[in-house]
Amino acid sequence: MNENSPLTSDEFQVFIERINTWFNEQLTNNPILASVEEDLDFAPAQHIWHARILGEEKESSMLNVTLKQRMLHYETYLMPGPEENHSDFWEYMLRKNRRLIGVTLCIGEEDSVFLVGAIPVSTVTEDELDRILGTCWMAIEECFKPGLRIGSVSYTHLRAHETREDRGGRGGG
């Protein structure tokens with residue numbers, strides 16, 4: 001396989017099988033991977049998997065992995081854009097983005113925040129797939145709650161109110 005050339009049909013099938021095998025092993029052995037579905041409505045030159053990963057800070061996220069002719073792309077929706085404190089929110093995300101390795105924060109539709117990344121298809125190995133899954137999981141864990149706290153003050157007040165009620169305290173005011 002030439003790194004600069006698109007995959008042949010046979011090479012493409014080999015990578016699909018490699019990734020399917022890896023996902024099946026992860027479903028058995030990795031507790032953060034809850035499910036994987038292949039998207040059967042894909043274009044001939046790409047193959048898509050939707051992997052649901054479980055977290056502690058964010059209950060679950062859908063990691064979309066797309067095999068294309070030259071690259072393996074991956075992305076996940078992190079959170080909605082800020083309702084409040086816009087400048088503080090985006091400053092936090094930009095500063096966080098600088099420290100992330102292997103994944104990048106970006107703005108999507110309706111100012112939603114996504115984590116995205118891509119690697120050359122020639123580098124797709126089990127170790128690299130492990131790194132992608134771990135990197136995405138860690139970035140979600142590190143960014144989700146702080147982003148919500150900054151971008152949605154009313155969410156923070158609601159959570160504090162619910163916590164007081166859970167502890168048997170006064171829920172009002």
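**Fold, helix contact and loops**

Guide: Read along the sequence, the protein runs α-β-β-β-β-α-β-β-α-α. Helices (H or I, at least four residues) and strands (E, at least two) are DSSP runs numbered from the N terminus. This is a predicted model, in which local features need pLDDT of at least 70, side-chain atom pairs count only at pLDDT 80 or more, and totals for chains, interfaces and linings use all residues. Residues are numbered from 1 along each chain as its sequence is written, and side-chain values use heavy atoms, with hydrogens and water left out.

Visitor: What percentage of the residues of the protein count as buried?

Guide: Buried means under 20% relative accessible area, exposed over 50%, and partly exposed in between (1.4 Å probe, protein chains only). The protein has 173 residues, and the share that counts as buried is 36%.

Visitor: At what angle do the axes of helix 1 and helix 3 cross?

Guide: Two packed helices are described by the angle between their axes and the distance between the axes. Axes are lines fitted to C-alpha atoms, for helices over the stretch in contact, and angles run from 0 to 180 degrees between N-to-C directions. For helix 1 (residues 9–29) and helix 3 (residues 126–151), the axes come within 10 Å and the crossing angle is roughly 55°.

Visitor: Which residues of helix 1 and helix 3 make the contact?

Guide: Contact means heavy atoms within 4.5 Å. From helix 3 come Glu126, Leu129, Asp130 and Leu133, and from helix 1 come Ile19, Trp22, Glu25 and Gln26.

Visitor: Is Gln26 buried or exposed?

Guide: Gln26 lies in helix 1. Leaving aside neighbours within four places in sequence, Gln26 is in contact with Leu33, Asp130 and Leu133. Because its relative accessibility is 12%, Gln26 counts as buried.

Visitor: Where is Asn85 found?

Guide: Most residues other than glycine have a negative phi. Asn85 has a positive phi, near 50°. At 35% relative accessibility, Asn85 counts as partly exposed. Asn85 is found in the loop between strand 4 (71–79) and helix 2 (86–99).

Visitor: What is the relative accessible area of Glu110?

Guide: Glu110 is found in the loop between strand 5 (104–107) and strand 6 (113–120). Although not a glycine, Glu110 has a positive phi of about 50°. Glu110 is exposed, and its relative accessible area is 77%.
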